[in-house]
Amino acid sequence: MKFNTKTIHGGQEYDKAYGAVMPPIYQTSTYAQSTPGGHKGYEYSRTHNPTRHALENAFASIENGEYGLAFSSGLAAIDGVIKLLQPGDEVISTNDLYGGTYRLFTKIFERFGIKFQFIGMENASDIEAYITDKTKLIWVETPTNPMMNIIDIKSIASVTKKYNILLAVDNTFATPYLQRPLDLGADIVMHSATKYIGGHSDLVMGALIVKDEELSKKLYFIQNASGAICGPQDSFLALRGIKTLHVRMQRHCENGKAIAHFLKTHDKVDQVYWPGFEDHPNHTIAKDQMDDFGGMISFTTKDDSYQGAVHVVEKLRLFTLAESLGGVESLAGHPASMTHASIPIEERQKIGVKDSLIRLSVGIEDIEDLIADLKQALD
Ligand SMILES: *Cc1c(COP(=O)(O)O)cnc(C)c1O
């Protein structure tokens with residue numbers, strides 16, 4: 001089955017009770033048993049729920065994995081991965097990371113004796129210098145947020161295979177429409193399904209997808225034991241979102257490309273960060289591992305001031321000033337004061353998140369309207 005077909009049919013079967021084409025929302029915590037242990041595969045909804053199960057199968061299918069797990073948020077999914085580790089274990093992570101992931105690693109898990117190192121991974125061979133016999137996991141985000149750096153998943157996977165280390169990739173920005181990390185050698189794919197997967201800014205959810213059965217068992221154990229599962233209603237919404245993922249992504253990419261080029265020639269704009277530009281430092285890798293370049297763009301303004309950037313985002317009318325990304329509607333954000341406010345200013349500036357940086361999540365509206373909005377705000 002090819003990707004577009006998978007988004008609609010992957011892992012799905014018609015409802016066994018009445019043949020409903022969409023999986024019913026099984027809004028139930030528990031299931032009747034005929035005799036102790038005599039059930040139809042479902043006992044308690046933290047452990048299993050038919051609607052969530054249908055979604056988890058869809059996750060596995062679109063990422064070319066074998067096992068999918070749905071969580072109550074992207075961070076809950078990441079939390080589940082880190083719980084595979086023991087005190088004393090070490091994790092190497094990209095330095096240009098979603099702020100909430102950085103906060104979870106440094107403010108929660110460091111307290112439990114897990115050590116995190118945040119490094120630039122544009123050069124896969126650089127990682128080896130940081131690997132010790134305690135290194136158990138490499139955490140990669142690509143494209144990175146908000147600087148749109150591209151990390152070569154295949155090269156990193158060759159390093160993790162050599163040292164027998166797990167490789168997890170946060171695929172939230174790219175989605176499986178653009179990039180399938182398991183095919184490139186990753187062990188775990190993670191999503192904030194809140195973003196493109198759900199696609200309509202109406203739910204908060206996380207996902208993990210793996211190929212390996214042993215690893216899936218450990219993660220299912222953690223999912224059930226820690227309990228950060230998502231509910232049946234949200235599972236239904238995410239399933240519905242997945243069915244249009246490919247058509248939405250196609251438009252996000254088209255609009256993203258047009259806006260990146262518009263910004264590049266605007267005289268108030270300084271740098272534009274978008275992996276589709278030939279002069280993007282990792283353009284070749286992006287072209288190689290992604291099928292297109294997505295709808296996420298960051299840029300800085302020429303006046304290079306905090307206030308100037310705030311002024312632009314306040315002036316936007318169609319682009320809503322909001323956290324989050326990946327919905328059908330266009331959003332704008334100011335990382336220094338919003339998504340990345342939890343990262344210390346020195347760390348932030350080291351990775352290039354300037355005070356004047358603006359991040360756009362380009363939606364699927366008519367491109368003429370989006371460009372007109374950016375133009376009036378910048379002018
Ligand atoms: C939003 C986001 C997360 C966190 O997901 P939540 O669903 O908000 O918990 C993690 N990684 C990336 C890249 C994100 O954009």
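A residue counts as buried when its relative accessible area is under 20% and as exposed when that area is over 50%. This cut-off is used throughout the report, which describes a predicted model.

**The loop between β4 and α5**

M148 has a relative accessibility of 1% and therefore counts as buried. The residue sits in the loop between β4 and α5. M148 is not a glycine, yet its phi is positive, at about 60 degrees.

The loop that holds P143 runs between β4 (135–141) and α5 (153–163). The peptide bond from T142 to P143 is cis, and its omega is near -10 degrees. P146 is also found in the loop between β4 and α5. N145 and P146 are joined by a cis peptide bond, with omega about 5 degrees.

A positive phi also occurs at T175, where the angle is about 65 degrees although the residue is not a glycine. T175 belongs to helix α6, which covers residues 175–178. With a relative accessible area of 0%, T175 is buried.

The buried residues of α5 are I153, I156, A157, V159 and T160. Viewed down the axis of α5, the buried residues fall within an arc of 160 degrees, so they line one face of the helix. An α-helix has 3.6 residues a turn, so residues three or four places apart point the same way. The face of α5 turned away from the buried side carries K154, K161 and K162, which are exposed.

I153 also takes part in a contact with Q289. The side chain of Q289 reaches the backbone nitrogen of I153 at 3.0 Å. Q289 lies in helix α10, made of residues 283–289. Its relative accessible area is 7%, so Q289 is buried.

**The ligand and its shell**

There are 13 residues around the ligand, and G74, D170, S192, T194 and K195 come nearest. By type, the shell divides into five nonpolar, five polar and three charged residues.

| Residue | Protein atom | Ligand atom | Distance |
|---|---|---|---|
| G74 | polar backbone atom | oxygen | 2.9 Å |
| D170 | polar side-chain atom | nitrogen | 2.7 Å |
| T194 | polar side-chain atom | oxygen | 2.6 Å |

On its own the ligand has 380 Å² of accessible area, and the protein covers 93% of this.

Strand β6 spans residues 188–192, and five of its five residues are buried, so the strand is largely enclosed by the rest of the structure.

Strand β5 (residues 166–170) pairs with β6 in the parallel sense over three bridges. Within this pairing, V169 stands opposite V189 of β6. β6 and β7 run antiparallel and are joined by five bridges. V189 has I209 as its bridge partner in β7.

β7 (residues 206–210) also pairs with β1, in the antiparallel sense and over five bridges. Here F71 has G206 of β7 as its bridge partner. In β1 (residues 67–71), four of the five residues are buried, so this strand is largely enclosed by the rest of the structure.

**The open sheet with β8 to β12**

Five strands make up an open sheet with mixed pairing, in the order β8-β9-β12-β11-β10. β8 (269–273) and β10 (320–321) stand at the edges with a single partner strand each, so one side of each has no neighbour in the sheet. Strands of a sheet pair through backbone hydrogen bonds, either parallel or antiparallel. β8 and β9 (residues 296–301) pair in the antiparallel sense over three bridges. In this pairing, Y273 has S298 of β9 as its bridge partner.

Methods: Residues numbered from 1 in each chain as written. Predicted model: local features only at pLDDT ≥ 70, side-chain atom pairs only at ≥ 80, totals over all residues. Heavy atoms only, no water. Near = heavy atom within 4 Å. Polar contact = N/O pair within 3.5 Å; in protein donor to acceptor, adjacent residues only side chain to side chain. Areas by Shrake-Rupley, 256 points an atom, 1.4 Å probe, with all protein chains shown as cover. Nonpolar A, V, L, I, M, F, W, Y, C, P; charged D, E, K, R; others polar. Helix = DSSP H or I, 4+ residues; strand = E, 2+ residues; numbered from the N terminus. Buried < 20%, exposed > 50% of the residue type's maximum accessible area, 1.4 Å probe, protein only. Pairing = 2+ DSSP bridges. Arc of directions from axis to C-beta.
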